[in-house]
Amino acid sequence: MGKVRPGWRPDNLRRQREAHGLTLEGAGERLRDVARAAGLAVPAANFQTLWQHEQGEVYPGPHYRRAYCLLYRATEPELGFRRALPNEATKLGFTASSEPHDGSHVLAVERALLQLVPGTEDIDGPGVQQRILDAWKRRHTGGDPNRPTLMMVGGYAGSGKSEFSRFISQLTGWPVLDKDSITRPLVERLLVAMGSEPNDRHTDLYRNRIRPLEYQCLLETAYANIDCAISTVLTAPFLAEATDPRWMRRLINRCEARGVTVVVVWVECDLDTMHEYIGFRSAARDSWKLQNWATYVAGIDLELRPVVPHLIVDNRLGAAISFTDQVRLVFGTVFL
């Protein structure tokens, strides 16, 4: 038997497959098609693997779970992968459609944006949701009354911030600037040149001499967009930056001077989900974290929050990312 997980009911997965009239072989074929269309990596998806999932011998990895949810148009709690979070939507009832965007499409997006909840009382959550919705409408129908937005999406490694950033980008058309994508080649060469190894992300050398340069590069790239009044999504941990009042004030002041609104989004996650996603993505830069998980976790503060008004995305147990997958399904290939 696989590791016991709270709320895991493998028999739900079998019942869903049978309700759809699928054999194990047929479900595997459909699962591969769904995963391919959504850009998910689902190794093999053969009937033996699906059988192990349904028998509770192997707990499905994150991309398998996402693909199952898309295939059966159900949530993780519905499929028995876990318990539902408080107030989590567990019955979606979305229907994919190739028709022009109508009220049902707007409703689907509005429901997804409800994942953005205020993390502080002094932030206009509905206003941010409306800004994203207006940008999506502008992309397809024209017209956006809002001024440009710089959205900072932060959180610990493996929290789901990159995936959520891509979702916002797909809705709005705003470009995503990811710190790792922008700086990794330079960081690796610089670390080697300074006598360390390319995947060092935990020593004082990295933290004190390299990391500040990473964020400087990210911000300078963002400012190039800001100076052109281009709405942009930034994704990085921002663990030190979002909790530093002076750093945040400098950023906000520069953006405000150019008529750009700064929105800070914090992705909340649990340790098990972070560990799972870090292990799944198999990035070399994460090797130290996985090999020294207890030491790494000792430095994590799950209560850490930005010092400025911000929004929270509750991605504990992968709940928010699962929901965004369902919204993508509504639109088919519109923004996949």
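I begin with a definition: a disulfide here is a pair of cysteine sulfur atoms within 2.5 Å. By this rule the count comes to zero disulfides. Cysteine 69 is accordingly in no disulfide, and the nearest cysteine sulfur, that of cysteine 269, is 16 Å away.

Before going on, a word on the source: this is a predicted model, in which local features need pLDDT of at least 70 and side-chain atom pairs count only at pLDDT 80 or more, while totals for chains, interfaces and linings use all residues. Residues are numbered from 1 along each chain as its sequence is written, and side-chain values use heavy atoms, with hydrogens and water left out.

Staying with the cysteines, the sulfur of cysteine 255 is 13 Å from the closest cysteine sulfur, in cysteine 228, which is too far for a bond. Cysteine 255 counts as buried at 0% relative accessibility, where buried means under 20% relative accessible area, exposed over 50%, and partly exposed in between, with a 1.4 Å probe and protein chains only. Cysteine 69 is buried as well, with a relative accessible area of 1%.

If we leave aside neighbours within four places in sequence, serine 322 is in contact with Cys69 and Glu76, contact being heavy atoms within 4.5 Å. Serine 322 is itself buried, its relative accessible area being 6%.

Let me turn to helix H1, residues 10-19, whose buried residues are Pro10, Asn12, Leu13, Gln16 and Arg17. Why do these residues lie on the same side of H1? They cover an arc of only 155° around the axis, and that puts them on the same side; the arc is that of the directions from the helix axis to the C-beta atoms. The buried residues of H1 pack against helix H2 (24-38), helix H3 (47-55) and helix H4 (62-72). After H1 comes glycine 21, whose phi is positive, near 65°.

How do the axes of H1 and H3 cross? They come within 6 Å and cross at roughly 125°, where axes are lines fitted to C-alpha atoms, for helices over the stretch in contact, and angles run from 0 to 180 degrees between N-to-C directions. That makes H1 oblique to H3, given that angles under 35 degrees count as roughly parallel, over 145 as roughly antiparallel, 65 to 115 as roughly perpendicular and the rest as oblique. On the H1 side the contact is made by Pro10, Asp11, Leu13, Arg14 and Arg17, and on the H3 side by His53, Glu54 and Gln55. By class, this contact of H1 with H3 has two nonpolar, two polar and four charged residues, with Ala, Val, Leu, Ile, Met, Phe, Trp, Tyr, Cys and Pro counted as nonpolar, Asp, Glu, Lys and Arg as charged, and the others, Gly among them, as polar.

For H2 and H3, the axes come within 8 Å and cross at roughly 100°, and the two helices are therefore roughly perpendicular to each other. Here Leu24, Glu25, Ala27, Gly28 and Leu31 in H2 meet Phe47, Leu50, Trp51 and Glu54 in H3, and the residues of this contact divide into six nonpolar, one polar and two charged.

Finally, glutamate 214 is found in helix H9, residues 204-226, and counts as buried at 2% relative accessibility. Neighbours within four places in sequence aside, glutamate 214 is in contact with Lys179, Asp180, Thr183, Val187 and Tyr206.

Methods:
Helices (H or I, at least four residues) and strands (E, at least two) are DSSP runs, numbered from the N terminus.
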